[in-house]
Amino acid sequence: MGILEVKDVGKRFGGLKALSDVNLSVAENTCHAIIGPNGAGKSTLLNCLVGKLIPDTGSVMFQGQSVLGRSPHEINQMGISRVFQTPEIFGDLTVFENMMIPLFAKRDGAYRLHAIESVMNEKSLIEEAEKMLEEVNMLDKRHMHSASMSRGDKRRLEMAMCLVQSPKLLLLDEPTAGMARADTNNTIDLLKQIKDERDITIAIIEHDMHVVFSLADRITVLAQGTPLVEDAPENIKGHPKVQEAYLGEAH
Amino acid sequence: MFGLDKKDSTLLLIVALLTMLAPFIFNPFPTDSGLAQFNAGYPDLMQRFVIFGIFAIGFNILFGLTGYLSFGHAAFLGVGSYSAVWMFKLLSMNIVPAILLSVVIAGLFALVIGFVSLRRTGIYFSILTLAFAQMSFALAYSVLTPLTNGETGLQLTLDDPRILGSSATADGSIPVTNLFGLEMRSAYDLVIGPWSFTFSAGYYVCAIVMLLSFYLAIRIFRSPFGMMLRAIKSNQQRLNYTGLNPKPYTLAAFVISGMYAGLAGGLMAAMDPLAGAERMQWTASGEVVLMTILGGAGTLIGPVLGAGAIKYMENIFSKINDNVLHGWFAFLPDGIEDAIVFIIHPFVGKGWHLTLGIIFMLVVTFLPGGLVEGGQRIARLFNRKKADDPKSASTEPAE
Ligand SMILES: Nc1ncnc2c1ncn2[C@@H]1O[C@H](COP(=O)(O)OP(=O)(O)OP(=O)(O)O)[C@@H](O)[C@H]1O
Ligand SMILES: [Mg+2]
């Protein structure tokens, strides 16, 4: 039994079959990559895991519990964090404040009113936030207004916000899209380090094959809403079906 | 100091000094000089400054932090006033129970209205709050006449039961509101040369309540709760996926701001024990929106400045009539005098709304951060001139 079990999931948008018969099992403490051409349904699948979409058919179990019908904040509290395809951060807040919010959510749950004590008195949380910022090399930017940062920095911040919650399952939707080569390599190193040091399972959607092959323990190829093959990276590279799916897209 | 950092303590201290010295600050002109009509240091107006300051501080907790724009907050102020007057009628003329009841009842009202209105966001939320406020106004104006005394407004009478007090004083008049014996309308006049300053008990009670409200607002702004509210304004989607439920936070902010409005309404009744439906009208709700935006939404001191500016204009500009204008420009030749008075006429007296409208437009266009941003820009300009060092120009976020 994997930490995440997706069974027979299907999802339609009007007449469009975005997902059909998706079966996926992600083993604990591994990195599972989902690849596939544009419009294959990768983001849709991710949205079904975090409560943004409810699949029409099938089931999604996380640690033996169904996530279907739960709202996104409940699913996060179960231990799933998500990085979006376009960075979602609190643009009006500083980098430091962006880090504090997930820490409060983790410590206090979905709703707790701390209306009187100053944020600045939360010494241990501040320490944690700074440690995480250090890890992603952003400590010097802690007072920056986060909306004014580069896209790559927003990405790293979003990732740090997810990681600081020490999720059991981290979902990444194209985390290196729009990043410069050097930033991409830094991200790979960071994710490798996270994977080695923590008890964390990663499911990653990625177009950049360099990223996929440096990180993934298992790869699922999705095409037109259905998994084509699932295998270890070394078997995926030369797989005829995969070539076909990607070449098919080019025509 | 009091759990605030240095910057916030300084701000609180400045506001405290200004409010405590207000009778001097607002009366800079000798009593019988031509400029005496610009004096705003009389109790009635100063009370209005701080009471509307409280109203706007509370409104800012909702609008400034979460971005949810309510067009119905006057309803909570009105409810607060009615509750307080009922307390004066039934229980005692002491303002403490009256104000406490105002806050509680307004809070309960806000809980119900907020719960329903917060099912929608953006313009739909605003319209829902407006609809609720207009319903409350209609109820107060006609339907609930036994409770509100309809058009006439709720007033004290000589045969109020008043359990912990007397229906009438020994000389047969209606008793006055007091704080454990200290009468709200009692005042002391200090005359120094041609100047005269009035220290009213009512004003100081309101001012101290305002300072406490302001202090509480600073604590909320700096707390994790305040940060959540700003996060709600910034990105609700991210908040959801960070494991937080924005709904109850927003509702809490709505109720808190409703309680502030109730407090303001209660204080109004404590200064002058009557309550009328017009306090709940949509224009009154719109006014607090203007105050907050004019001063600077989301800033600490902005709403207080905005409230002061608007109430000053409402009371001082509106008193400048043609006679006054002719008096000022009498030194000019008759033709020019008439022309100038003709030009200024639409902007003063009953036309003060026009001036307010123009100022509001200018501020929103050129200073989106309100009067506070104006102040910051001026301060920055001076800093730069003084040091001529780009690093000294403060880039700290708005206060
Ligand atoms: N909310 C929606 N409403 C209607 N159609 C949608 C919606 N979301 C996705 N789709 C459609 O579903 C299909 C799968 O989209 P999805 O975003 O999951 O693809 P993807 O694999 O993530 O592609 P990309 O690599 O471009 O991100 C696409 O054809 C898309 O247009
Ligand atoms: Mg996608």
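Which side chains meet in a salt bridge at 3.2 Å, N to O, with B:K311 as one partner? In this predicted model, the partner of B:K311 is B:E314. Both residues sit in helix α13 of chain B, which runs over residues 302–316, and they are three residues apart, about one turn of the helix. Their surroundings can be read from relative accessibility. B:K311 comes out at 3%, so it counts as buried.

As a bit of background, side chains of opposite charge can pair when their charged atoms come close. In chain A, A:E130 forms a salt bridge with A:R142, and the closest N and O atoms are 2.2 Å apart. Here A:E130 belongs to helix α4 (residues 123–135) of chain A, while A:R142 is in the loop between α4 and α5 (151–163), so the bridge ties together parts that are 12 residues apart in sequence. A:E130 is partly exposed, at 24% relative accessibility, and A:R142 is buried, with a relative accessible area of 19%. Chain A also has a network of salt bridges, which links A:R107, A:D108 and A:E122.

Back in chain B, the side chains of B:D160 and B:K89 meet in a salt bridge, with 3.2 Å from N to O. B:D160 is in the loop between β1 (154–155) and β2 (178–179) of chain B and B:K89 is in helix α4 of that chain, so this pair ties together parts 71 residues apart in sequence. Both B:D160 and B:K89 are buried.

Helix α4 of chain B, residues 74–90, also holds B:F88. With 0% relative accessibility, B:F88 counts as buried. Leaving aside residues up to four places away in sequence, B:F88 touches B:M93, B:N94, B:I95, B:A98, B:L156, B:R162, B:T177, B:A269, B:A270 and B:P273. For one of these, B:A98, the separation from B:F88 is 10 residues in sequence and 6.6 Å in space, C-alpha to C-alpha.

The surface of chain B has a nonpolar patch too. B:I14, B:L17, B:L18, B:L21, B:F24, B:I25, B:I192 and B:W195 make it up, and together they have about 710 Å² of accessible area. Helices α1 (6–20) and α2 (22–25) of chain B each supply at least two of the patch residues. The most comes from α1(B), which gives three residues. B:I25 is found in helix α2 of chain B, and its 41% relative accessibility makes it count as partly exposed.

Now for the place where the two chains come together. The size of an interface is often given as the accessible area lost when the parts come together. Chain B and chain A bury about 2,800 Å² between them, and 62% of that is on carbon and sulfur atoms. On the chain B side, B:M227, B:R238 and B:Y241 lose the most area to chain A, together 27% of what that side buries. The contact takes 26 residues from chain B and 37 residues from chain A. Three salt bridges are counted between chain B and chain A. The side chains of B:R238 and A:E158 meet in a salt bridge, at 2.6 Å from N to O.

The magnesium ion (ligand 2) is coordinated by A:S43 through OG and by A:Q85 through OE1, at 1.9 to 2.4 Å. A:S43 lies in helix α1 (residues 42–49) of chain A and A:Q85 in the loop between β6 (80–83) and α3 (95–108), so the pair ties together parts that are 42 residues apart in sequence. A:S43 is partly exposed, with a relative accessible area of 22%, and A:Q85 counts as partly exposed at 33%.

Finally, a look at the backbone of chain A. A:N29 is not a glycine, yet it has a positive phi of about 60°. A:N29 is found in the loop between β2 (16–26) and β3 (31–35) of chain A, and it is partly exposed, with a relative accessible area of 37%. A:Q63 is another residue other than glycine with a positive phi, near 50°. The loop between β4 (57–62) and β5 (65–66) of chain A is where A:Q63 is found, and with a relative accessible area of 39% A:Q63 is partly exposed.

Notes: Residues are numbered from 1 along each chain as its sequence is written. Chains are lettered from A and ligands numbered from 1 in the order in which they are written. This is a predicted model: local features need pLDDT of at least 70, side-chain atom pairs count only at pLDDT 80 or more; totals for chains, interfaces and linings use all residues. Side-chain values use heavy atoms; hydrogens and water are left out. Patches are made of residues with over 30% relative accessible area and no salt bridge: like charges are joined within 9 Å, nonpolar side chains (Val, Leu, Ile, Met, Phe, Trp, Tyr) within 5 Å. Accessible areas come from the Shrake-Rupley method with a 1.4 Å probe; for residues, only the protein chains shown count as cover. A salt bridge is a side-chain nitrogen of Lys or Arg within 4 Å of a carboxyl oxygen of Asp or Glu. Helices (H or I, at least four residues) and strands (E, at least two) are DSSP runs, numbered from the N terminus. Buried means under 20% relative accessible area, exposed over 50%, partly exposed in between (1.4 Å probe, protein chains only). Contact means heavy atoms within 4.5 Å. Donors are N, O and S atoms within 2.8 Å of the metal (3.2 Å for Na, K and Ca); water is not among the atoms, so sites may look incomplete. Buried area is the accessible area (1.4 Å probe) that two parts lose on being put together, summed over both.
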